[in-house]
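Keep the coordinates open while reading.

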Amino acid sequence: MRRHLLSSADLSRDDIAMLLATAAEMHDIQRRDVKKLPTLRGRTIINLFFEDSTRTRSSFEIAGKWMSADTINITGKGSSTSKGESLRDTVLTITAMAVDALVIRHMASGACHQVAGWVDASVINAGDGTHEHPTQALLDAYTMAQRLGDLQGRHVAIVGDLTHSRVFRSNVITLGRLGARVTVVAPPTLMPSGIGSWAVADGFATSGNLDEVIASGPDAVMMLRVQRERMSGGFFPTAREYTVGYGLTRERLRALTAANGEAVICHPGPMNRGLEISPEAADAASSLILDQVSAGVAVRMAVLYHLLAGEEVAA
Ligand code: NCD
């Protein structure tokens, strides 16, 4: 593996397999009474979050702590960024304290790549604008594989606000590398322009018809949050119309189960219950949403381990 994790494209199929295998070992730690490994003792990890986060930030913090690293959280609002300090000055200031890794979430697509060019520390992309969120894609793959087994040849539908979703962009890459067949579903206004010409893996398809995709019996349906905070205009007429066309409603949950009794439901969170996903679907036995959160810690432990303690850490 490289020194940074900036994009899902940085990870080969073998890298992904190695990370998921390590994550499975790390997951066992979660079941212990004493959740502590000495692996990253003496290492310092800074979580630098310029956008809101519940699960990503806390899971990175827990992951570091369970491996005995010193982890510190800095948020945009409480930092000198609000006094006008630039991103470059902020990260140079932080890394001057000899930190080993920076976990960064930023509203600008490409911010993590820029930071990686400025610092010696390992940089981990925890979500940059609408670009990528590689550890989310890893934890999604891990969670689906736990239930479905090998994802080679499995059909995954990713549904919703694709335009604003970094989760979808990373998932398309990671699932493609694992041999899954991905169909992305969105209303025309939330389908990224030019997506048909994306050079992604075999079997990649786009659709505007969620009912048809559900009737085809996918193995997993990943619902995405409608990201209103990134929308400046009207991307759909009303919330009700969005739900009617693209929500995983109670009726669609029934149709999914009828089409494929083994199908699972994922959502990266946070959910807009009643908009893109109904409570019945979110809380169904086939919902893996809380398993995804649990896997998030294990996967981030695996990523930190391979970047900071692995044998192949580059100079
Ligand atoms: C996602 C994100 O921040 O990109 N959430 C997450 O990390 N679990 C998705 C979202 O905000 O909708």
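Start at A98, which is exposed, with a relative accessible area of 56%. A98 sits in the loop between α3 (87–95) and β3 (101–106). Its phi is positive, about 60°, although A98 is not a glycine.

Some ground rules come next. This is a predicted model, in which local features need pLDDT of at least 70 and side-chain atom pairs count only at pLDDT 80 or more, while totals for chains, interfaces and linings use all residues. Residues are numbered from 1 along each chain as its sequence is written, and side-chain values use heavy atoms, with hydrogens and water left out. Helices (H or I, at least four residues) and strands (E, at least two) are DSSP runs, numbered from the N terminus.

S68 also has a positive phi, about 70°, and is not a glycine. S68 belongs to the loop between α2 (55–66) and β2 (70–75). Its relative accessible area is 17%, so S68 is buried.

Another backbone feature involves a proline. G269 and P270 are joined by a cis peptide bond, with omega about -5°. P270 is in the loop between β9 (264–266) and α10 (279–282).

Now go to the start of the chain. H4 lies in the segment before α1 (13–29). Is H4 buried or exposed? H4 counts as buried, because its relative accessibility is 14%. H4 and D120 are 116 residues apart in sequence, yet their C-alpha atoms are 10.0 Å apart in space.

Turn to charged pairs. Side chains of opposite charge can pair when their charged atoms come close. A salt bridge is a side-chain nitrogen of Lys or Arg within 4 Å of a carboxyl oxygen of Asp or Glu. How many salt bridges does a search of the whole structure find? The search finds 11.

One of these joins R154 and D219, at 3.0 Å from N to O. The pair links distant parts of the chain, 65 residues apart. R154 is in the loop between α5 (134–148) and β5 (155–159), and D219 is in the loop between α7 (210–215) and β8 (220–223). R154 is partly exposed, with a relative accessible area of 25%. D219 counts as buried, at 13% relative accessibility.

A second pair is R252 and D211, with the closest N and O atoms 2.8 Å apart. Here too the partners come from distant parts of the chain, 41 residues apart: R252 is in helix α9 (residues 250–259) and D211 is in helix α7. R252 is buried, with a relative accessible area of 7%. D211 is partly exposed, with a relative accessible area of 43%.

E229 and R225 form another salt bridge, 2.8 Å from N to O. E229 counts as exposed, at 52% relative accessibility. Elsewhere, salt bridges that share partners join E51, R166 and R230 into one network.

Next, look at helix α11 (residues 289–308). The expected span of a helix is 1.5 Å times one less than its number of residues. α11 has a kink of about 30°, centred on A295. The bend at a residue is the angle between axes fitted to the seven residues ending there and the seven starting there. Of the 20 residues of α11, 15 are buried, so this helix is largely enclosed by the rest of the structure.

Finally, consider how helices pack. Two packed helices are described by the angle between their axes and the distance between the axes. Axes are lines fitted to C-alpha atoms, for helices over the stretch in contact, and angles run from 0 to 180 degrees between N-to-C directions. The axes of α5 and α11 come within 8 Å and cross at roughly 120°. That makes α5 oblique to α11. Angles under 35 degrees count as roughly parallel, over 145 as roughly antiparallel, 65 to 115 as roughly perpendicular and the rest as oblique. The crossing of α5 and α11 is right-handed; a crossing is right-handed if the near helix is turned clockwise from the far one by less than a right angle, and left-handed if anticlockwise.

The axes of α5 and helix α6 (residues 166–177) also come within 8 Å, crossing at roughly 55°. That makes α5 oblique to α6. Their crossing is right-handed.

How values were computed:
Buried means under 20% relative accessible area, exposed over 50%, partly exposed in between (1.4 Å probe, protein chains only).
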